[in-house]
Amino acid sequence: MASLQPPSLRPKGGNAPSTKAVILVGGPSRGTRFRPLSMELPKPLFPVAGHPIIEHCLVAVAKVTEIKEVFIVGYYDETVFREFINYASNAFPQLSIKYLREYQALGTAGGLYHFRDVILKGRPERFFVLNADVCCSFPLLEMLKLFEDKEAEAVMLGTRVANEAASNFGCIVSDAHTKRVLHYVEKPESHISNLINCGVYLFSTECIFPAIRSAIKRRTERPRLLSYPSSENLESSFYQGEDDEDEEKENQVIRLEQDVLSDIADSKEFFVLETKDFWRQIKTAGSAVPANALYLMKAFQTGSKELATPSANIIPPVFIHPSAHVDPTAKLGPNVSIGPRAHIGAGVRIKESIVLEDAEIKHDACVLYTIVGWHSKIGCWARVEGTPTPITSHTTSIIKNGVKVQSITILGKECGVGDEVRVQNCVCLPYKELKRDVANEVIM
């Protein structure tokens with residue numbers, strides 16, 4: 001295909017610098033925090049603002065015209081993404097989208113390294129890496145510009161959070177003037193910076209693969225007692241059983257955040273693009289609600305035609321799937337997504353919520369700060385609600401009567417809430433019937 005880039009910008013080889021994208025989706029064993037929703041659907045395919053979480057990544061990637069190839073890397077079974085990839089290949093015809101399955105959990109860097117030959121085919125000079133479980137505006141073009149302006153070897157996306165929240169993330173110390181990353185620490189024990197890693201990167205292929213190779217070398221040379229397992233790693237070794245092979249397997253789990261980035265910060269041309277736009281992680285099931293709100297607000301600001309037209313009973317932004325039925329007397333919004341074939345009765349009030357496909361909410365029910373699961377039914381005059389948390393907060397749990405509970409109420413698949421029943425701050429596993437008022441509980 002002929003290059004559209006002006007000759008002056010082309011390297012000596014004659015072609016435009018080739019760029020690819022990798023989206024990291026993880027796999028089933030780590031998905032426990034997204035229960036009960038991940039029992040029905042892998043987290044990357046969960047709909048937020050009317051589209052699977054991973055599709056928001058693809059929309060951003062598609063805006064970078066140089067990218068022709070996208071790899072989805074994870075250890076879910078291939079069948080899990082088959083339908084989505086067929087749909088996405090039609091929706092984004094300019095992109096070749098392939099799923100690369102890890103034979104086991106290899107970590108965020110281990111997966112990249114395992115598939116390095118596929119990624120390096122056609123000799124791309126750089127590639128984006130996006131974690132599928134983050135919600136943001138993905139300013140990839142700005143990252144690319146910074147990468148080129150600084151002749152960088154790596155660029156990461158960063159954002160500012162409250163000082164007390166920073167130690168839950170990877171923290172970046174950077175030069176305010178040059179934007180160069182001076183130091184990087186994953187989840188530091190003491191405060192070093194409130195600029196955190198957003199989990200979106202642009203790497204030069206010549207920088208990242210040798211850096212991962214060095215991390216693997218260090219891991220295999222280091223005696224096992226000196227390896228500091230994170231809870232994440234303990235969890236993965238717990239799932240692998242207690243064989244002698246475990247040590248071998250654990251040596252192959254290499255994570256960008258813990259094992260590779262601090263080294264790149266020490267030795268390479270590594271820069272940070274600080275986004276002033278929205279960002280948050282989608283870790284727990286409840287965090288899908290604030291992510292839904294952020295994506296809907298962005299769609300509203302950019303004049304998306306997908307959103308419902310504002311009216312007396314539609315407080316924007318609201319997404320209603322064309323196949324859903326919403327009674328004209330129901331009042332929806334702000335920040336509401338209604339899924340396919342959902343049925344919303346007369347006089348219903350819904351706010352800050354996601355209603356999934358085939359759910360039914362009967363007349364005069366009230367649904368606030370809630371996810372209503374597939375095929376679930378809420379009776380008339382029922383009230384199902386969570387507790388509002390600040391938009392800047394990076395957690396969706398709150399303390400009630402000295403106990404940590406979800407601030408978002410979640411009804412799993414095919415749950416039923418009886419007429420006039422009140423449900424508050426609860427997580428309800430699939431196929432449960434709630435016939436009496438309940439608050440601050442996990443209903444199993």
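This is a predicted model: local features need pLDDT of at least 70, side-chain atom pairs count only at pLDDT 80 or more; totals for chains, interfaces and linings use all residues.
Two or more lining residues come from each of β3 (51–52), α2 (78–91), β14 (318–320), β17 (336–338) and β20 (353–355), and α2 gives the most, with four residues. Sorted by class, the lining holds 17 nonpolar, five polar and four charged residues. Both domain 1 (19–222 + 251–281) and domain 2 (306–439) take part, each giving at least three residues.

Turning to charged pairs, the model has a count of 20 salt bridges. In one of these, Asp133 pairs with Lys283, and the closest N and O atoms are 2.8 Å apart. The two residues are 150 residues apart in the chain, Asp133 in the loop between β6 (126–131) and β7 (134–136) and Lys283 in the loop between β13 (279–281) and α11 (288–301). Asp133 counts as buried because its relative accessibility is 17%, whereas Lys283, at 25%, is partly exposed.

A further salt bridge joins Arg422 to Glu385, with an N to O distance of 2.8 Å. Here the partners sit in strands, Arg422 in β30 (residues 422–424) and Glu385 in β25 (residues 383–385), 37 residues apart. Arg422 is partly exposed at 35% relative accessibility, while Glu385 is buried at 7%.

Asp358 and Arg341 also meet in a salt bridge, at 2.9 Å from N to O. This pair connects two loops, the one between β20 and β21 (360–361) and the one between β17 and β18 (343–344). Arg341 is partly exposed, its relative accessible area being 44%. Finally, Lys20, Glu69 and Lys98 are linked in a salt-bridge network.

Technical notes
Residues are numbered from 1 along each chain as its sequence is written. Side-chain values use heavy atoms; hydrogens and water are left out. Ala, Val, Leu, Ile, Met, Phe, Trp, Tyr, Cys and Pro count as nonpolar, Asp, Glu, Lys and Arg as charged, and the others, Gly among them, as polar. Domain bounds come from an automatic or database domain assignment. A salt bridge is a side-chain nitrogen of Lys or Arg within 4 Å of a carboxyl oxygen of Asp or Glu. Buried means under 20% relative accessible area, exposed over 50%, partly exposed in between (1.4 Å probe, protein chains only).
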